[in-house]
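Me: I'm new to this one and would like a close look at a single part. Could you walk me through the salt bridges?

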Amino acid sequence: MSREKSDFLTKYLTRKVIAILVIGILLSTGVVGMRKLISNHSKTTKIGFEDIGELATQTAYCTEVNVTEASREFYGIEIPFTQSKYVYSYDVIIKAGFDFSEIEWSEKDSVIEIRLPATKILSREIKADSFKVYHEKESIFRHITLAENNDAMDSLKETAVENAVSNGLLKNARDNAETILSGFFANHYDLDKYEIRFVDK
C-alpha cells in the first residue's frame, strides 16, 4: 500500500472515530439532560413508629360527595367569570373501637367483669383510588388553592364520621367488642361456669 493511501486511511479513520466520540458524548449528554427534566425528587422528612394499642371493632365505608367553590367578590358581590367549582366524591373508611390499655377486667365469684371505656373513632382515611369527578370548572381569575382543597378534604372526612356515627357506628363497635372479648375469655374460662358482665368505666 502506498504511503499516500496509508495517510488517507489514517486521516479518514481518525475523523470517523472523533465523529463517533462526539456523537456519543452528545447523546449521553442529551439523555442525562432528559433525565433531569423528567425526574422526580422525594425526601423523607420524618418517620415515626409507635406501638399500636387500639382495638378496632367496627369499620364503616362512606361515599361522600363534596362541592368546592371559590370566586372573586367586590363589596360582597360575586364577580362574573371568576367562579371555580369542583363536584367530586371519595370513599372514606372510618374505624371505631377502644384504646386497648383502658380496658380493665376482674374475676370474682364466677363473674368476669369487663370494664370498657367509651367507644371512639380511631381513624378516618380517604380511599384515594375511589376518586370520581362529576363537575370541574376552574376560572383563570380564581384558582382553588391547596389550603382550600385541604380544608375541603378535612370537611369531607368529618361529614363521613358524622354520617357513620348517626347510623350506629359506635354502638356496633361496642356490640362487636363484647363479642370479640367474650370469645377471648372463652378460650381461658369455661363460660358454663363463669358469667361475663360488661360495664362502662
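Predicted model: local features only at pLDDT ≥ 70, side-chain atom pairs only at ≥ 80, totals over all residues.

Reply: As for how open they are, R174 has a relative accessible area of 17%, so it falls under the 20% cut-off and counts as buried. E178, at 24% relative accessibility, is partly exposed.

Helix α3, which covers residues 169-186, holds another pair as well: D175 and K171, again four residues apart, or about one turn of the helix. Their side chains make a salt bridge at 2.9 Å, N to O. Here K171 is exposed, with a relative accessible area of 55%, because anything over 50% gets that word. D175 is partly exposed, with a relative accessible area of 34%.

Now for a pair with other numbers: R197 and E195 have side chains that meet in a salt bridge at 3.2 Å, N to O. R197 is partly exposed at 41% relative accessibility, and E195 is partly exposed too, at 38%. There's also a network, in which E104, E113, R115 and K201 are joined by salt bridges that share partners.

If you'd like the overall tally, the count comes to nine salt bridges.

Conventions
Residues numbered from 1 in each chain as written. Heavy atoms only, no water. Salt bridge = Lys/Arg side-chain N within 4 Å of Asp/Glu carboxyl O. Helix = DSSP H or I, 4+ residues; strand = E, 2+ residues; numbered from the N terminus. Buried < 20%, exposed > 50% of the residue type's maximum accessible area, 1.4 Å probe, protein only.
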